[in-house]
Amino acid sequence: MTKKDPFGERSCEQEIKILGGETYKKLYFDEAPFNEVAVDTDTYLIIGRRGSGKTALARYFSFQEKITNPLCIEVLKADAYEQVLSEISRRTSTTRGIAISHLRRVWEFVIWSLIINALEQDIPEEDKICKIERKNKSKLVADLIDYLMRLFNDEDDSTIGLSIERIVDNAELDRAKEIALKFAKKQPIIISIDTLEQYNIEDDALMNALAALVEYAAEFHLDYAPQNIFLKVFVSGEVFPHLKEAVLLNPLKTVKHPVYLFWRPRDLLRLIGWRLHYHLETNNLWDSKVKIDWEDENDVLEKIWVPHFGRTIQNANGINEQTWTYILRHTQLRPRQVILICNSIANLSIEARTFPTFNNNQIIEGVRNAELELASEILNSYSEIYKNVNQIVTSGLTTLSKVFQGNELDKRASQSAPEWREEYSPTKFRQLVAELGIIGRVTRNNHEDGYIDADFEYASTERLILTHRDLCVVHPMFYRKLNISINSKARVMPFTTPRGNYE
């Protein structure tokens, strides 16, 4: 954390680099709703959209206390091995079932090689299965897959599957498993693999490789979790719906008890309060006599949030609302988005020399300054899934009314047609705007009280289907980006809020 950005950096990697590992542990908020279940020995698949905390959670495995003193093996930069993995996928088979079957074997070789590499100092030289220089784990994965590729250079594509079987089933790999299982009796092993944030879902080779990893993770979990070796695979929430619907061979068998990184408003409040408290305390700006119950969101609200942000503000439409609600409804409930907005507000107060107190104008301007960047970040996260997504969205939704009937989407879809680089249809356009969390479906409309509750796909495990009969709304984050016409003063609440808890 820096004086310029008192709520923290934009990524876990940046924070660890600036703070160091030990200090980062103090900053990490270990009471998120999914922390415990993610560590649980029954969990092997974790799904989250960009900014939801996947990398931070992968780091958490190394200092959590539920599994005692584990050996943690982290593969956090998937781009290091994407190219070689995609290439090996292209060479296995054009038939998805066969390709995924072969690629599961590749992942078996890679994962056990990672484990043995991590146990290197405990293994006699003659038992090592892969003589590859020690590097960061992502580069090591790339080298392991590249090692297989070199073995396949002299093989005809039709015989590569047989080559994989020979390598993966050889005695050296069996010996590696014996060594690892013996080690795990004394010390648990956790392997966490983060996959790409962006996928071209039309790239069959890469999608097959991802499906193979998920399928092997399910198989690995059944065989080795009872023996103290745990594999945790992180999958992009942006691509997971397509993976489950169209790529995995048997999703009911493969996707069992996945953990979705969904943040509740109360937990985001506690997280951002924790970070502000940490900054104030480390800079001697906190009254040590004030103690906060971090399990009680109301205590956090009253003792850390309200004293600095105030209880209410008057928004741009002249309506009074809670400061926390105002900030939260301009996000898609992800920590990175809340941190970015709060830093934007804080930096204005630093310039005005009012920090750590934030006034009405600073809060409104800070949110306004941040929301364009947040909207662009969402579009960027889908740039590989929907080619030309920025142009599709801006051409189709610019000047749309804030509240509208669902049949308007079909009219708007036709305006976006020239921007599609793939097959266009009104149905695909509706799917796109729902998937990105730009358009939601109204669930409760109370203009007298000045609010509109709406469901958005990013907060659900299932698709949000928008029909012409639905009353729809635009997410507040996109008002400026799309020059939305404000045809209602009612506030759009893109999360479930108890009745009456708006003021």
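How many residues apart are Phe220 and Tyr224 in helix H10? They are 4 apart, so about one helical turn separates them. This is a predicted model: local features need pLDDT of at least 70, side-chain atom pairs count only at pLDDT 80 or more, and totals for chains, interfaces and linings use all residues. Residues are numbered from 1 along each chain as its sequence is written, and side-chain values use heavy atoms, without hydrogens or water.

View 1. Phe220 and Tyr224 form a tilted pair, 4.9 Å centre to centre, with 50° between the planes. Rings of Phe, Tyr and Trp (its six-membered ring) pair if their centres lie within 6.5 Å; planes under 30 degrees apart are stacked, over 60 edge-to-face, the rest tilted. Phe220 is buried at 0% relative accessibility. Tyr224 is buried too, at 12%. Buried means under 20% relative accessible area (1.4 Å probe, protein chains only).

**View 2. An aromatic cluster.** Phe7, Trp305, Phe309, Trp324, Phe355 and Phe358 form one cluster. Across the whole structure, a search finds 24 aromatic pairs.

**View 3. Helices H19 (residues 408-416) and H20 (residues 426-435).** Their axes, lines fitted to C-alpha atoms over the stretch in contact, lie 9 Å apart at about 100°. The two helices are therefore roughly perpendicular (65 to 115 degrees). Leu409, Asp410, Arg412, Ala413 and Ser416 of H19 meet Pro426, Phe429, Arg430 and Val433 of H20. Contact means heavy atoms within 4.5 Å. By class, this contact has 5 nonpolar, 1 polar and 3 charged residues.

How values were computed:
Axes fitted to C-alpha atoms, helices over the stretch in contact; angles between N-to-C directions. Parallel < 35°, antiparallel > 145°, perpendicular 65-115°, else oblique. Nonpolar A, V, L, I, M, F, W, Y, C, P; charged D, E, K, R; others polar. Buried < 20%, exposed > 50% of the residue type's maximum accessible area, 1.4 Å probe, protein only.
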